[in-house]
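Here are my notes for you as you open this one up for the first time. Have the viewer ready and read the points in order.

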Amino acid sequence: MEGKMPDLVQEAEESRRHGGPVRFFMRFTREQRYMHAVLFSTFLGLAGTGLPLRFSESIWARGLAKGVGGFGAILFFHKFCAVVLTIAFLIHLREIFTRGIAHRDWSVFWGPNSMVANWKDAKDLFGHLRWFVGLGPRPQFDRYAYWEKFDYWAVFWGMIVIGFSGYAMWFAPFFAHFLPGWALNAVLVIHSEEGLLAILFIFSIHFVNTHLRPDSFPMDMVVFTGVESEEEFAHKRPLEYERLKREGKLEGRLGEAPQTWLINFSRVVGTIAILIGLTLLVLTLTAYFS
Amino acid sequence: MVKALASSGFCAAGFALVLLASSAGRLSAQTDCLACHGDQSMQDSNGHSIAVDGKTFADSIHGSMKCNDCHTTIKEYPHPDQVTKVECKGCHADEATGLAGSVHADSKEHPCTSCHGSAHTIFPKTDSRSNVYPLNVPRTCGQCHSTAGMAEKHGLASVYPSYMDSIHGFALSKEGLLVAANCQSCHGSHHILSRKDPASPTNKANIAQTCGNCHAKIKDDYMGGVHGKAVAGGNMNAPVCTDCHTAHSILQPTEAAFRMQSTPICGSCHKDKLSTYRDTFHSQLGSLGGYVETARCWDCHGAHEILPTSDPRSPVNPANLVVTCGKCHAGANLSFVQYQPHANAHDRKLNPALYFVRLFMNILLIGTLTFFVIHTLLWLIRARYNQIKEKSKDGGKNA
C-alpha cells in the first residue's frame, strides 16, 4: 500500500517539472467554506465569552468582563453568537436533508464522501497508531480521514449538547415544563464541561491535527481557499486521488489557483483565529490548574 | 513685643476711664473686659491671641454671661497675667462626668474646646454655626479621626473618609439631612465608650438597638430572624447590622459594589453554602460584576428577618419558592423551583443525578483529551521524523 503514495506524488511533481502548471483541485465548496468561517468565528466568540463565566473567579475573567462593559455585555454577546451558530447548524441540517433525503443522494450517508464512520476508519485509526510507533505502513486515506470525521461528529454532538443545555438555561422556566428539577442543575454542569471539552479539543487537538502538524504547517489553507495543489491532494488523500483518476473524474474536480489576496486574507484571518484560540487555551489551562 | 506693650498702654488708658466710673475697681460686665480684649490684635506674652470678638460672643450660647462667670478668678482690674484655666464642669457637670469616663478622658488632648470650638464662639447644637451641629459633626470628629497619626497611636482606622463616602455620609453632606446618622448618633457625644465596653452603644450586643434607633422596622425584622435571636440568646458569632453593612463605609444595598462584597460576608460563616453557590450560574454571573441582578444570598433568604427553611413564612420554604424564584424568573413553576441553588455535584447521596452527570462529563472530557493528546503527540513526532528523513518532501506547500 505505502508504495503507491510516493508514486502519485512523484507523478504530480513530474507533471510540474515537465513544464505543466501546478493544478489545483476542489475540496470544499464555497458554502462549506462560509460555514467553517461562521463556525469558527462564533465558536471563538462563544469561547471568549463563555470562559470568563466558567472561571469567573479568575482575575482575567473579571478584567475582561470589566473591559467589555460588565457582565451584561458578555452574556449578550454569548447569546448572540449562540443564535448565529444555531442558525448555521440548522442550515447544515437542511442541506443534509435536501441532499440525502429529498434528492436521495445516499452518498451523504455511506461511502467515501460521507461523514459516517465505517469499518475502514477503525482500521485506519489502529493502522495510524501502529505507524506512529513504527510498527506498520502509513494508512492511505480517502476523502475524509477518521480524525476529520471525529472532528465533524464532535462538533455535531457538541452543538446538540451545548446548544440544548444552553437554551435550557436561557429559557429555564419554559424547559421546566418538561424537564425534571435536577436537570436544571445538570444543564450547567453539562454545558460548562462539554464547552470546556470543545474549547480544549479545538484549540489543541484540531489546531495541531489539521493546521499545525508538519504536513500542513502553519495552517491548512484548503478550508479558506477551497482548493489544494495536486501534490498535496495526492499526498494527503491518495485513495481519493487514485479513485478519481481511475474513474476519470479527476478533471471534473479541477479548480482555479487561489488569488493572492485570498491567500493573504486567509492567512491573516487564520493566524488571528489560531492566536485567539491559543491564548484562550493558555488562560483556560492556567485557570483550571490554579 | 512693641505691639503688645503699645496695646497694654492703650488698655491702661481705657481702664483709667472705667476706674473713674466705678471706684471699687470691680469688673462686672463684658464691656469692662472688652475694652481691652476687644482689640483683635491683643496677645499675651507668649504670642497667643487673647482677643475676644464681642459681637460673636454676644451671639453665642454664652453671650448673656459675664466674663468672670467662667474666668472666676478675675474679680478686679488689673488682673494677674496668669489666669487659671476655665473649668466648664462648673456648669456642665453631667457632660464632664460623661467625658471623664469616656475614651476621650485624657482631657489634655480633648478639652471641651477641641470639639466645641473656641470658648467664645460656642453656639447651640441646633445652630448651623456650631461645631456640633449635625451637619458639622463628622468634620469636627474628622479633625482627629481622619489622620494616619490616630491609626498609629490608637490603632484606629481612618474612619472619616469611609463615613463620608457611605450612605449616611452622602445623606448628610449631599442632601443635608439632619436625621442622617452622624458620628454621635451611634457613638454618643460625651460618654463615648470603646466598642469593647458592654455599655457602649457600639458594643456588638447593642448594635441592633443603636441602629434601630432610626431603623426601627428593620430592627424588629432582624430581631425576629435567626441572627437576631441568636445574638439575643448570647451567641456573639451571629452577625449584627455592622457585620454585613460595615460600620462606617455603609453602602446602598442595591449598589453593585455592595452586592459584590456581601456574598463572601455570609460565606465567611456559611462556608459550605458559599462553596455550592459558587458552582451555580447565579454565582458565575454575579462574580463578574456590573450585573447586579443575579441572585445573592439575601435575594432568596431575605436580609433581616432570615427564617429557617421550615418556617412557613420563609421565602425559601418549599411552599413559597414559586413566588421567590418568580421575582426574577418570570414563569417559574413547580417544576422549575425543583432547581437546587446549593446542589453539590460531588455529593452522591444528596444529588445522585447531578453526581453521575458530572462524573460522565468528566470521564468524557478526560478520556477524549487523553486519547487525542497521546495520538496527536505521537503523530507530530512521527510526521516530523518522516519529514526530516525525506528532507525536502514535506508533503507539499499548501494552496
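1. A definition to start: two residues are in contact if their C-beta atoms, placed from the backbone, lie within 7 Å. With that in hand, look at chain A: among its contacts with a separation of 6 or more, 75% are between residues 24 or more positions apart. The C-alpha trace of chain A spans about 65 × 40 × 40 Å along its principal axes.

2. Keep in mind that this is a predicted model, in which local features need pLDDT of at least 70, side-chain atom pairs count only at pLDDT 80 or more, and totals for chains, interfaces and linings use all residues. Residues are numbered from 1 along each chain as its sequence is written, while chains are lettered from A and ligands numbered from 1 in the order in which they are written.

3. On confidence, pLDDT is the predictor's confidence in each residue, from 0 to 100. Chain B has a mean pLDDT of 85, with 88% of its residues at 70 or more. For the complex, the predictor gives an ipTM of 0.88 and a pTM of 0.77.

4. Back to chain A, which has 12 helices and 3 strands; helices (H or I, at least four residues) and strands (E, at least two) are DSSP runs, numbered from the N terminus. The strands form an open sheet in the order E2-E1-E3 with antiparallel pairing, where strands pair if DSSP finds at least two bridges between them. E2 (227-229) and E3 (254-255) of chain A are the edge strands, each pairing on one side only. E1 (residues 24-26) of chain A joins E3(A) over 2 bridges, and A:Phe25 stands opposite A:Leu254.

5. How do the two chains meet? The contact involves 55 residues of chain A and 45 residues of chain B. On the chain A side, helix H8 (residues 181-212) gives the largest share, 17 residues. That side divides into 33 nonpolar, 11 polar and 11 charged residues. Here Ala, Val, Leu, Ile, Met, Phe, Trp, Tyr, Cys and Pro count as nonpolar, Asp, Glu, Lys and Arg as charged, and the others, Gly among them, as polar.

6. Chain B is assigned domain 1 (2-86), domain 2 (193-250), domain 3 (270-343) and domain 4 (345-399), with bounds from an automatic or database domain assignment. The centres of domain 2 and domain 3 of chain B, taken over C-alpha atoms, are 25 Å apart. Their contact takes 7 residues from domain 2 of chain B and 5 from domain 3 of chain B. Within domain 2 of chain B, H13 (216-224) and H14 (226-232) each supply at least two residues of the touching side, and H13(B) gives the most, with 4 residues.

7. Finally, burial: a residue is buried if 20 or more other C-beta atoms, placed from the backbone, lie within 10 Å of its own, exposed if 12 or fewer, and partly exposed in between. In helix H7 (residues 137-145) of chain B, the buried residues are B:Val137, B:Pro138, B:Thr140, B:Cys141 and B:His145. Why do they sit on the same side of H7(B)? Because they cover an arc of only 165° around the axis, using the directions from the helix axis to the C-beta atoms. Helix H2 (residues 30-37) of chain B is mostly covered, with 6 of its 8 residues buried.
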